[in-house]
Amino acid sequence: MTARQLTVGRSGWRRPKLAPTGSRLAAIRWHEGADELWVGLTGAPLELASDLRPWRLRDFHWASGGAGLILVLGMAGTERRWLAYLDLRSGVVTRLTSDTAADAQYAGQARGAKPSVLVAHRQSLTDGFELQAVTPTGAVIAEWQGPGRPVRQWLADGVDAVAVCDAEGTETWWHRRLAGSSWQLMAELPGNPSSRPVGFGRRGAGGGVDVYATSAAAGDTVALIRLATPSAGPEIVCAVDGFDVTSVLLAPDRGGADLVTSTDPECAQIGLSAVAAADLARLRELAGPAAARIIDRNATHCLAEICYPVGGPAYLTFGRNGRAVSGPLIKYAGLDGVRVQARRPFSYRGRDGRLITGFLTRPDGPPPWPAVLLIHGGPGTWDRPGLDLTAQHIAAAGLCCVQVNYRGSRGFGQRHRDAGAGQWSLAMQDDLVDALRSAPVAAVIDPRRIAAAGHGYGGYAALMLATQDEVPISAVVAASAPTDLVGYVRHLLAAGGAAGRQDGARIGDPDRDRARLTTASPLHRTADVRAPVLLFHGRQDPRVPIDHATSLGAALRREGREYDLTIYDDEGHSYVRPQNVADVQARSIHFLLRALSERAAAAAG
């Protein structure tokens, strides 16, 4: 087994965004116990611009004039969000959301003589969102309510507003001029968790406006659509067969959406205009054969991510009308100077004929390799094209990393997503087993040395794999995993808000499906576990309470099974502190190498 140590020290850069004009950008990097914002020109070192402790930075947006940043903040142990304004001159952070608000969303900005931030807020988790215009100093100068029903999402720019409402499996989209008093129904679309308004396009002389959105309104997959007022029904602007549109960039001249990113690993980005196509062509010149994508643009510059063969992903800016290129900002500092392993797509047919896709990250040396099935969480997320840092850790240790977009994953159409409903430990689990037995994977891995690992649902699925014997599992790493499905669903229904109720319903009914959920719970299957288990959990986890980990540990101990549990007092559902992330990495790799080596020795004996 060929292994080399890959260690991430200080964290690299995340979520860079271009300023409204010029080459200045802001990005997130960990600093003294918190995610902080750094601002500057890409040709020079960025400077620390915030002190956000004890808050957690979830996202940010540039203020339209470039003098400040709009922050989306939260606290450990809660899903609640609020907005604040960071003045880049003074460093002062001003709250834009009232203390009584249960949640908040960024809806847009109003430019002009009196710029303001358009904030959507709700007073309780069961309410819809209302819209406010708030100055950078925190003064509310205007307020609007939705069209007589709870609003799930807002898009606004100071002239127009769009409100998206859920209604019995459908979404109603409404438009109004903020200066007016009436709402107009734009469209009624199929309900889809991935649908959202993206931005406004050109406005007509008669008051009409184009609205761009992502939605599965006219097909199985999420597409870029255009709605128009007066209502003309949804028009598909861009769709990719078998793959969802995941993000959209608007043209800098406000002419509409013109650069689309999808889950298709063979064609990740599509330019919808001659200008966007020229930007992509320029990126290809800079990147060569390396994977690359544009992540932000303004009138003069593009911000791109390029995955270099040595050092991995890095961010740089380039001029749209010239040859100027900035020096790169390294995305993962631990990969600086390190040759990264290629991440290659593969596909296979599940036992019911469904097409399933995934990725292999291979180690050095010849196959067959010991393997780790790395299972993404959610389960309604997906493994994306491009470098995956955890997969690189695994490959650097001499292990082949296998990742699967099993049914229930988002990104591959609603039918693929819905095929996972009620299938925890059933068809979703079959997809994982079938991946390990598929021709592209079986040809390169050692069937006697296979481990499973994951976070959230991924940790749950890894634990359940240890109870089956179709493909023997040698070791399991499970982080923040639900282990008692009856209790987990009850928790989601009671405390998870609308999203939690939807997630719970996809798993099952805690009363009607109690027998099935009990059988599908690792807590009640510890006698069947055939592999050593390494558990991690955050004590402040609001989604999967800590007793899921402690109860499973106690049950494994009663059965005499080998396990180890590490609890991080300062973490929630996801782990963000670099020292904890590094600890999970180091413990996991050591555990996997030991367990897989022992299995190889036992097989040889």
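**Second largest pocket.** I looked up the lining of the second largest pocket in this predicted model. Lining it are D220, T221, D241, G242, F243, R354, L355, T357, N405, F412, R415 and H416. For the terms, I noted that the search uses a 1 Å grid over the protein atoms alone. A pocket is an open set of points with protein on both sides within 12 Å along at least five of seven lines, and lining residues have an atom within 4 Å of a point. The pocket holds about 310 Å³ of space. Such a volume is the space filled by probe spheres set on the points, which are joined across faces, edges and corners. Three lining residues are nonpolar, five polar and four charged. Here Ala, Val, Leu, Ile, Met, Phe, Trp, Tyr, Cys and Pro count as nonpolar, Asp, Glu, Lys and Arg as charged, and the others, Gly among them, as polar. β29 (355–361) and α3 (414–418) each give at least two residues to this lining. Helices (H or I, at least four residues) and strands (E, at least two) are DSSP runs, numbered from the N terminus.

**Ground rules.** I kept in mind that local features need pLDDT of at least 70 and side-chain atom pairs pLDDT 80 or more, while totals for chains, interfaces and linings use all residues. Residues are numbered from 1 along each chain as its sequence is written, and side-chain values use heavy atoms, with hydrogens and water left out.

**Cavities.** I found three cavities of 30 Å³ or more. The largest cavity has a volume of about 40 Å³. Ten residues line it, and S194, D244, R410, Q414 and R417 are the closest to its centre. Its lining divides into two nonpolar, five polar and three charged residues.

**Helix α4.** Is α4 enclosed or open? Nine of its eleven residues (427–437) are buried, so the rest of the structure largely encloses this helix. Buried means under 20% relative accessible area (1.4 Å probe, protein chains only), exposed over 50%, and partly exposed in between. Among the buried ones are M428, L432 and L436.

**The eight-stranded sheet.** I traced an open sheet in the order β28-β29-β31-β30-β32-β33-β34-β35, with mixed pairing. Two strands pair if DSSP finds at least two bridges between them. β28 (343–349) and β35 (563–568) are at the edges with a single partner strand each, so one side of each has no neighbour in the sheet. Strand β32 (445–455) runs parallel to β33 (475–479), joined by five bridges. In one of these, A452 partners V476 of β33.

**Residue E305.** I found E305 in strand β25 (301–308). Its relative accessibility is 10%, so E305 counts as buried. Contact means heavy atoms within 4.5 Å. Beyond four places in sequence, E305 has contacts including R293, Y315 and K331.

Six of the eight residues of β2 (24–31) are buried. Strand β1 (14–18) pairs antiparallel with β2 over three bridges. Five residues separate β1 and β2 in a hairpin, and G22 in the turn has a positive phi of about 75 degrees. β2 also pairs antiparallel with β3 (34–41), over eight bridges. I28 sits opposite L37 in β3. This second hairpin has two residues between its strands, and E32 in the turn has a positive phi of about 50 degrees.

Definitions and conventions:
On a 1 Å grid over the protein atoms alone, a cavity is a set of points where a 1.4 Å probe fits but cannot get out, and a pocket is an open set with protein on both sides within 12 Å along at least five of seven lines; lining residues have an atom within 4 Å of a point.
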